[in-house]
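The paragraphs below go from the overall fold to single residues. Keep the sequence and the structure in view while reading.

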Amino acid sequence: MNVKILVLYYSRHGSTRALARQIARGIESTPNCEAVIRTVEEIAPTASPSEEAIATLSDLKECDGLALGSPVWFGNMSGSMKHFWDSTTSLWVNGDLIDKPACVFTSSASMHGGQETTQQSMMTPLLHHGMLILGIPYSEPTLHTTQSGGTPYGASSTGHASTLTKEEIELAQKLGKRLARVARNQKEMEP
């Protein structure tokens, strides 16, 4: 049994991409789980092209779970990520994402830059698709002590660079592991 988890993100300056890679490490540390990393198409013509493959609706339909990430844009997900989700109506009509586990992650320039509202904005289309939302439970001790990133809504980072703190790395990997375990359990229960 191979469980495929889609790690779908948009990153402008590298922090969200760094989180995506740590979540993928957590996923792949879970037996029989594989992380498939994708990004979304850039809608701002001045941005540099990404090194990751562009996500398709098939990637989303075929995944067993989803980790969704975007930097904070005025307390919301990025326009590129929103544009991608606005194209998923066919999956919604068919119910293709119902009961698949999902989590969210984000990055901002400061602790109070809108991380939790951005995470909530990313949860909205996932809930409309019938996905099961996972966060980081307070049983994770680092969540109580982090001074950089990480919320009960999901993994996060602060700062402008693609360098993550020890706490941000730990919480991102734990979130990836949790998502992978739940997705694997869901797949094992399929008839």
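Helices and strands here are DSSP runs, at least four residues long for a helix and at least two for a strand, and they are numbered from the N terminus. The model is a predicted one. On that basis the protein has 7 helices and 6 strands. Read from the N terminus, their order is β-α-β-α-β-α-α-β-α-β-α-β-α.

The overall dimensions come next. The C-alpha trace spans about 45 × 40 × 25 Å along its principal axes. A compact globule of 191 residues would have a radius of gyration near 16 Å, and the 15 Å of the protein agrees with that. Of the 191 residues, 50% are buried. The exposed surface comes to about 9100 Å², with carbon and sulfur atoms supplying 51% of it. Among contacts between residues at least 6 apart in sequence, 77% join residues at least 24 apart.

What lies inside? In soluble globular proteins, nonpolar side chains tend to be buried together. In this model the largest nonpolar core has 27 residues, and Val-7, Ile-23, Ile-27, Ala-67, Phe-105 and Ala-155 are those with the most contacts inside it. Two or more residues of this core come from each of β1 (3-9), α1 (15-28), β2 (33-39), β4 (101-108) and α7 (166-189). A second, separate core has 22 residues, including Val-36, Leu-91, Leu-97 and Leu-126.

The buried set consists of Ser-15, Thr-16, Ala-18, Leu-19, Ala-20, Gln-22, Ile-23, Ala-24, Gly-26 and Ile-27. These residues pack against β1, β2, β3 (65-71), β4, β6 (154-158) and α7. At 1.5 Å a residue, the 14 residues of α1 should span 20 Å, and the end C-alpha atoms are 20 Å apart, which agrees.

The same check works for α7, where 24 residues should span 34 Å at 1.5 Å a residue; the end C-alpha atoms are 35 Å apart, which agrees. The buried residues of α7 are Glu-168, Leu-171, Ala-172, Leu-175, Gly-176, Leu-179, Ala-180, Ala-183 and Arg-184.

Turn now to the strands β1 and β2. They pair in the parallel sense over 7 bridges, and Ile-5 stands opposite Ala-35 in β2. Because 5 of its 7 residues are buried, β2 is largely enclosed by the rest of the structure.

Asn-2 lies in the segment before β1, and Asn-32 lies in the loop between α1 and β2. The two are 30 residues apart in sequence but 5.1 Å apart in space, C-alpha to C-alpha. Asn-2 counts as partly exposed because its relative accessibility is 39%; Asn-32 counts as partly exposed at 46%. Leaving aside neighbours within four places in sequence, Asn-2 is in contact with Asn-32, Glu-34, Asp-64 and Lys-187. The phi of Asn-32 is near 70°, a positive value in a residue other than glycine.

Pro-71 is in strand β3 and counts as buried at 9% relative accessibility. Thr-118 belongs to helix α5 (residues 115-128) and counts as buried at 0% relative accessibility. Among its own contacts are Ser-70, Val-72, Trp-73 and Gly-75.

Conventions
Residues are numbered from 1 along each chain as its sequence is written. This is a predicted model: local features need pLDDT of at least 70, side-chain atom pairs count only at pLDDT 80 or more; totals for chains, interfaces and linings use all residues. Side-chain values use heavy atoms; hydrogens and water are left out. A nonpolar core is a set of buried Ala, Val, Leu, Ile, Met, Phe, Trp, Tyr and Cys residues joined through side-chain atoms within 4.5 Å. Buried means under 20% relative accessible area, exposed over 50%, partly exposed in between (1.4 Å probe, protein chains only). The expected span of a helix is 1.5 Å times one less than its number of residues. The radius of gyration is taken over C-alpha atoms; the globule rule is 2.2 Å times the number of residues to the power 0.38. Contact means heavy atoms within 4.5 Å. Accessible areas come from the Shrake-Rupley method with a 1.4 Å probe; for residues, only the protein chains shown count as cover. Two strands pair if DSSP finds at least two bridges between them.
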